[in-house]
Amino acid sequence: MAAEQGVKLVLASRNEEALSILEKELKVRGTESAYVVADVSKEEDIDKIAEKAIAEFGGFDTWLNNAAVSIYGYSAEIPIKDMRQLFDINFWGVVYGTRRAIAHYKEKNEPGSIINMGSVVGNRAFPVQSIYSASKHAIRGFTDAVRMELEKEHAPVVLSQIHPARVDTPYTDHATSYINKKPTHKGIVYPPESVAEAILHVAEHPKRDMYVETQSKFFSIVGMIHPRLTDKIMEINTYPTNYDENTKSPAPEAGNLYEHKEDLYERGNNLGWHRPKSLMVKAKKNPAVTAAAITAGVALTALKCIQLKKI
């Protein structure tokens, strides 16, 4: 989607084969791109990504921190080693990337954007995803604090965060699981294109936060206003909506926690209700149209009420 808008891209992943294939696909579309084999849990690899962008294109104006891995299971049963590995990727990868991008924008003294990938579980923790939730809470805290620092010093940097809920990617297929049922997304599941659409919109029209789905906004608000009620809902609802009861989970080492697995798949094997798009993203992208539609709806409702009174 970025390529269709003429964006020059620097791609980063642990999987060189996937990167090479993607670069060739983009070249066929006439897109300039380069790739770096990188593990975001290593600060020196983050530096390599920035150096590649500078060498190939003279710099960059948008930096997306998107890499993440997941662990499903009860916190008492997950090895501490695995928890630390997840935090090295999910949280420290964001810290390294954010710091490197800020330094680049300040050095050039030109405006730049940083987009950090959050999650609904970064606003409202989910059981059986405790360490993943903790990493996303940490990202939110770090992002909010750094944003204030940048604003106070009038730095030429815009820092945004995206908040998706359940998205139909291979997230659950790649997850490390310590429960004997295979992780999956049930309930409402949104397409990956909706998240990509939100990212590209924020890159051009900076926003503090952008929620991709109604679920994400709902649980974030209700969890804050009614925390104990939300706890009870989660305790009842989370396990049956996160696991496929009919499929045994692969061994924990089958996940992508320590090494890459199959890549370039946009969608996963999720069982939920697959929505074609996110209306919330569409509304955020077109606020004037949305406001007009709401106004028209309110006016129509008022007109009907007046007519009923006359009757």
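Analyst: Strand β5 (residues 112-117) is mostly covered, with 6 of its 6 residues buried. Buried means under 20% relative accessible area, exposed over 50%, and partly exposed in between (1.4 Å probe, protein chains only). Strands (E, at least two residues) and helices (H or I, at least four) are DSSP runs, numbered from the N terminus. This is a predicted model: local features need pLDDT of at least 70, side-chain atom pairs count only at pLDDT 80 or more, and totals for chains, interfaces and linings use all residues. Residues are numbered from 1 along each chain as its sequence is written, and side-chain values use heavy atoms, with hydrogens and water left out.

Both faces of β5 are covered. On one side, G112, I114 and N116 are buried. On the other, S113, I115 and M117 are buried.

Now the pairing. Two strands pair if DSSP finds at least two bridges between them. Strand β3 (residues 62-65) runs parallel to β5, joined by 4 bridges. Here I115 of β5 is the bridge partner of L64. Strand β6 (residues 157-163) also runs parallel to β5, and 6 bridges join them. G112 stands opposite V157 in β6.

Then the crossover. β5, helix α5 (residues 130-152) and β6 make a right-handed β-α-β unit. Right-handed means that, with the strands pointing away from the viewer, the path from the first strand over the helix to the second runs clockwise.
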